[in-house]
Amino acid sequence: MREAMELMIPGICGMGMGFKLDGFRLVYTVIAVLMWGVSGAFSKQYMAHYEKKSRYYWFFWATFAATVGVFLSADLYTTFIFFEIMSFTSYVWVAFDEKEESLRAGQTYLAVAVMGGMVMLMGLFLLRDVLGTLDMDQIGVEAGRVLAGEATLSGGAVIHVAGGFASAKAQLYTAGLLMLFGFGAKAGCFPLHIWLPKAHPVAPAPASALLSGILTKAGVFGIIILSCVMFAGDGNWGLLIAILGLVTMFLGALLAVFSVNLKRTLACSSVSQIGFIMTGIGMSCLLSWAGEGNLLAVRGAFLHMVNHSLIKLVLFLCAGAVFMNLHQLELNDIRGFGRKKPALCFCFAMGALGIGGIPLWNGYVSKTLLHESIVEYGKLLEEGRILAEGAAGASPALLDTMISHDFWKGAEWVFLFTGGMTVAYMLKLFVALFVDRHPKRQAEFDQMSSRYMTPLSRAVLVGAAAILPVLGMVPYMTMNRIGDMGQEFFGGSGHVHEVSYFSFANLKGGLISIGIGVLLYAGVVRTLLMEPEAGQMSEGKEGRGRRRRYVDRWPAWLDLENLIYRPLLQAVLPAVFTIVCRVMDHLTDDIVALARKTLCRQLPEPKSHPEGNWLAHVLGSFADRWARMRKRLFGEKDSGRVRVSAVHHLIEKEKRFKHIGNLVEQSFSFGLMLFCIGLCVTLGYLLFVYYGGVLLF
């Protein structure tokens, strides 16, 4: 393996930016170039009739630069910067046509992206505070010391702490969970997957191919850093990621089976395939925790990332070929469109066979490795080679799960059943497009067989589809070499043993999933998810009797966004914070009123002596005598008004002056008191931090 190339640009965005090029990053940079090149060529026909296509291309290439920046980043700070740029530039794809549905989906996408980014930023702050670095090559070493209960002094010495380092360990887990929230939101991990089924149906198909195929992998990239670098070999973290992966893969496949929209089905499929990848990442942590080699899980997760990117590129562009001709995506409206279109049929079949895990296609290779990693972990449990003592720091409940053979046997069947659902929903899409006949427009569809795609679009789509079986038919020459390039990034360990992909033991898992998929299609899709179309009969000799139409049986109310997230963010939280703010506002007034009645009680106005003080009396009497004398000397006439004594005026001025002085004194005293309280709180906090640090180290 060649030595990685590194580049550091200091001073940018305060902390500088770091970039690195190794095997994994090289593979995904090449995939990014391939996917943007194919999607860009296909976009030439797809976007030809859009008025604002220049805006599309501007953000198309801006997102490319940001995505490559994510995969080439050498530290999490650089990752975060390009991650946020990528999120905002790709928002334009979702809201591109500016229809109500698109803008609502764009709101969902942007909300998930912004909240995920802000939570991730909090995790980065906390991680830097705990480890002192965000460099990907260093966080693994520093995090390992924290998890092992070691602290590094400024002089470089390492000390072992019996119990005082637990707070740093808790902070490390907290930082990891915050960052997992941000990366998981972009990856489409449950329960943050809500943007995928909403964004893909409304975005342009070439953009959907990139959103699903590679932008979700930017989120997976961050999860790999967390799981295989920072928490490498941590059983607690591995169990969390594996369970999230199992739930995500099953739920995504279930949503895809029920969906009756072409691009929504493919979007739900992406959620499911992200679950497969996360399961592999979790298994790599657990196998490392068990003290065994994790190369099966590592290579399976990496190769499934690559396979999913290439497969979804093909499938979404096939969906784009349908949409740019019909401007519809519902299965009942597009059924039969693919008949007499061999190029489209070939490309969609390659993608469907690949993602379904059919032997001789690329998806089968990566799914076999993922399945075998679960089986291997189960065998270690069954043989008693994983001991409870290995789970240092694990809670009893987590420990029972990690060493429970029955749990992982169930996980294996969830994996196989989810693979069966994948076969079922891809079979549903293929039959709807290429076998079923449209009741009214089939003749019109058949006439499009020569002009539904330009030669350029057909060439790039067929070329991308042809890659999939080549990777699957010669996996030792292709997939294994790709796996070799990426396993170091995942922290792969152990002996690289040859996997016989086409032995009966490995074929058995794929055949079980295929059998489950056929049964689900025949017993669920063709019966429960379809119904006779009233009042119409099948046309032609292909079928006599009633036609059947696809029905959306998924409950409309069972939508996490509308059921939980939007009410929570738009109604519950604003109401709670309104109450809190009002309480705090009234509490401030009550504190001020209480202080004025107790500590800063307002003094009553001083009562003047009836004759006033001596100065007012002397000056007032002098003024009165001077007035009378001036009146006699100059003969001034009486104006008729009652003249008030100057003594009274001076006494009133004195009272007013004293009252103002008292108010100034009280306000100054109250401000000084608040300053002293704040100073005491600040000093207390500094003492707590100082003595806490001394006790910690």
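Which strands and helices each supply at least two residues of the lining of the second largest pocket? They are strand 1 (5–9), strand 2 (17–21), helix 1, helix 5 (136–147), helix 8 (205–230) and helix 10, where helices (H or I, at least four residues) and strands (E, at least two) are DSSP runs numbered from the N terminus.

This is a predicted model, in which local features need pLDDT of at least 70 and side-chain atom pairs count only at pLDDT 80 or more, while totals for chains, interfaces and linings use all residues. Residues are numbered from 1 along each chain as its sequence is written, and side-chain values use heavy atoms, with hydrogens and water left out.

The chain has 23 helices and 6 strands, and 50% of its 697 residues count as buried (buried is under 20% relative accessible area, exposed over 50%, with a 1.4 Å probe and protein chains only). Among contacts (heavy atoms within 4.5 Å) between residues at least 6 apart in sequence, 78% join residues at least 24 apart.

The two pockets are set side by side here; a pocket is an open set of points on a 1 Å grid over the protein atoms alone, where a 1.4 Å probe fits, with protein on both sides within 12 Å along at least five of seven lines, and lining residues have an atom within 4 Å of a point. A volume is the space filled by probe spheres set on the points, which are joined across faces, edges and corners.

| Pocket | Volume |
|---|---|
| Largest pocket | about 1,300 Å³ |
| Second largest pocket | about 590 Å³ |

Of the 44 residues that line the largest pocket, Glu101, Pro197, Lys198, Pro201 and Asn261 are the closest to its centre. Helix 4 gives the largest share of this lining, 5 residues, and the helices that each supply at least two residues include helix 1 (23–46), helix 10 (262–289) and helix 21 (560–597). The second largest pocket has 33 lining residues, with Lys20, Asp22, Arg25, Glu488 and Phe489 nearest its centre.

As for the cysteines, the structure holds 0 disulfides, a disulfide being a pair of cysteine sulfur atoms within 2.5 Å. The sulfur of Cys347 is too far for a bond, because the closest cysteine sulfur, in Cys318, is 5.1 Å away. Cys347 counts as buried at 0% relative accessibility, whereas Cys581 is exposed, with a relative accessible area of 52%.
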